[in-house]
Amino acid sequence: MPWLKTRKRPSIDLGAYRAQIVKSNLDRENPLIKNIIAETGQIAQTWPNLKLDELKALTEKLQQTVVTATGEIVPLGDVSFLTVDPQNPKKVVETGITWEKATVKPDMENFVVETVNQVLNDEQVRLDDDLTYTDLAEALTSFLAASHDLGGFAYQELPELPSEEKYVEAVENNQIIHLLPKRLIVSEAAPVGQQANEQASNDDVRATPTKPEVKSSEAASESVSATSQASSEATPAVVNDEPVKAQFDNSTVTIASLIKAFDVKTSFFKTASIDEQQVVVPESDNYVDVMMARETQEANTFMQQTADKVADAYRETLTQNIADVHEDTQAIDELLATDWQTPVKQQVTQRHTKDYRERLDNSLQALESDYQQAVADEEQRHTQTLAKLEQNLTADKAKTTEKLTADRDQIIQHEIAQIITTQTQYIEQEVQQLRYNQAEFKRHKVIDQIVTGQKEANELLTKAYRQLSSGLEERRQEFMKEHEQALAIRQDSDQAQAEKERLQFANAEVLNLEERHDQLKSVRMDLEGQIGQLQAESSKWQFRAETAQEDLERVKQQLATVNQQYEHRLQSDQVDLAQHQQLAQQARQAKLAKWLHPFKSRQKETEHVSQS
């Protein structure tokens, strides 16, 4: 395939992207083709240069009017696609995209699909080491864009280029790439709503199959030799039903994929990351957060398991519903049961029998006239000449009758075979189309049931989510209450510890007071001993009484003062001791109450220890 060769600029501006038919094989003298060219744009004036939309109209009309009706394949030649040089608008260069040996066939989708498939499978393109797939894809992408913008093709009528990996794999394995228009490809990964919209748009652009028409007998006025030559060159039509089969197979695969891809999405609770091995008690500061995180994780696990079970249940229901769908095959059965061949055979046989009977009569009558003229002209000839003419007449009649009869039977059999072949292929296409419609009906039914099941599953999971939310909130309140009680107990414990320390300090003061009391008691005993000694020696000191009276009174006064201080100090120590004993009793009761609150089962043992 030539790449990037310059071409002569057409005389008429045909757009930035155009086509040029090189080595044309199109029979432009054919009345049907000649009429199509005259009615299609400016092809007659610009030939062999065409606009893309004119090439589209030409190939479609040839396919519908000539190929489908007669079953003959129409050759075009080599179609090269040109573009205007951006640097020199007056110069036209070849894009490298060429539809070589282009032919219009009954099973052809459009010239864009044929061209892209031929370029991707061309051996010279694949063996060209200087041509990368990036350059090839860029050229084909420009060609597809021009076909849409200038050729009037919808995006669904154009093929989608393969990825570089698939193209390289096909080249390495010497595989044929067969691309189809996007409308004939059912995507498995596409959303349900998008597939429904694409199917609706494809129904609008899909061409309606045209029933083949029996061509009229124009050979009645032609010579016998011309008729024989036409019958020997005619070939039966071949209709390719692979695109319809591909539609049916893709639709069947899509139904199973839709059921398998059915999934139920649920809502999850937000949870903080925690350490699974962490041990917490109600007195811990993060007790509520840790417990709520664990409860939330369990709730999320439950929601996921519930969603999986609901999805599995709905998949089983969808599979059962599809198995229960009854296919309406009445239209297919009626079409296959119709005996359409016998009327066609009878009609063709009767028409050609009548036609050839008239031609035979005319031929015999012409020979008879020639005979009469020869007899009139040769009346004077010898009897032998007359006998010879009679023999020639008989031989010519037999030969002409045999030849015309053989030609008639040959043409009848050929046309019957041609019509039967064309009609059989058409019926097969109709059967495949009806089966495809049945598969599409199933697919849409699956889509409807999936939407319904998705809605029911979402409602079920939403209800479960709300119930779990209420339960989690109740559990949160319980954890907060337990945490507050633990904090209150810890506060009471701290208060009791502080009271215990205060009582220990008071007890130390009491011990100091008792020690001072003992010291004062010892002083009193010493004083009493001194008084006894003074009394014992009073007799000795009688004579000194007068002189020592004042000293004695002073000592007694000191003793009375000491006694008074001792009594006062003793009373004060007794009060402090009573208060200390009362505080110690209260501390023991508070500590006992603290341990009795969480451990009531140990009440008897605690009371026994308290009494002891």
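Predicted model: local features only at pLDDT ≥ 70, side-chain atom pairs only at ≥ 80, totals over all residues.

Reply: Residues are numbered from 1 along each chain as its sequence is written, and side-chain values use heavy atoms, without hydrogens and water.

First, the whole chain. The protein has 16 helices and 5 strands. Both are DSSP runs numbered from the N terminus: helices are H or I with at least four residues, strands are E with at least two. Of the 612 residues, 32% are buried. Buried means under 20% relative accessible area, exposed means over 50%, and partly exposed lies in between, with a 1.4 Å probe and protein chains only. The accessible surface is about 38700 Å², and 50% of that surface belongs to carbon and sulfur atoms. These areas come from the Shrake-Rupley method with a 1.4 Å probe; for residues, only the protein chains shown count as cover. Take the contacts between residues at least 6 apart in sequence: 77% of them join residues at least 24 apart. Contact means heavy atoms within 4.5 Å.

Now the core. The largest nonpolar core has 46 residues. Such a core is a set of buried Ala, Val, Leu, Ile, Met, Phe, Trp, Tyr and Cys residues joined through side-chain atoms within 4.5 Å. In soluble globular proteins, nonpolar side chains tend to be buried together. Leu62 and Phe81 touch the most other members. The elements giving two or more residues are β2 (17-22), α1 (31-39), α3, β4 (74-85), β5 (88-104), α4, α6 and α7 (164-172). Helix α6 gives the largest share, 8 residues.

Look at Leu62 itself. Beyond its neighbours within four places in sequence, Leu62 contacts Leu26, Ile33, Ile36, Val67, Val74, Leu76 and Val104. A second, separate core has 18 residues, including Ile255, Leu258, Val264 and Ala457.

Next, the helix pair. Helix α4 (residues 111-121) packs against helix α6 (residues 133-149) at about 175°, with axes 11 Å apart. Axes are lines fitted to C-alpha atoms, for helices over the stretch in contact, and angles run from 0 to 180 degrees between N-to-C directions. The two helices are therefore roughly antiparallel, a term for angles over 145 degrees. On the α4 side, the contact uses Phe111, Val112, Thr115, Val116, Val119 and Leu120. On the α6 side, it uses Leu136, Leu140, Phe143, Leu144 and Ser147. That contact divides into 9 nonpolar residues, 2 polar and no charged. Here Ala, Val, Leu, Ile, Met, Phe, Trp, Tyr, Cys and Pro count as nonpolar, Asp, Glu, Lys and Arg as charged, and the others, Gly among them, as polar.

Lys56 sits in helix α3 (residues 52-70). Lys56 counts as buried because its relative accessibility is 15%. Leaving aside neighbours within four places in sequence, Lys56 contacts Phe111, Gly151, Gly152 and Phe153.

Last, some backbone details. A cis peptide bond joins Trp47 and Pro48, with omega about 10°. Pro48 is in the loop between α2 (43-46) and β3 (49-51). Lys101, in strand β5, has a positive phi near 50° and is not a glycine. At 73% relative accessibility, Lys101 is exposed.

How values were computed:
Parallel < 35°, antiparallel > 145°, perpendicular 65-115°, else oblique.
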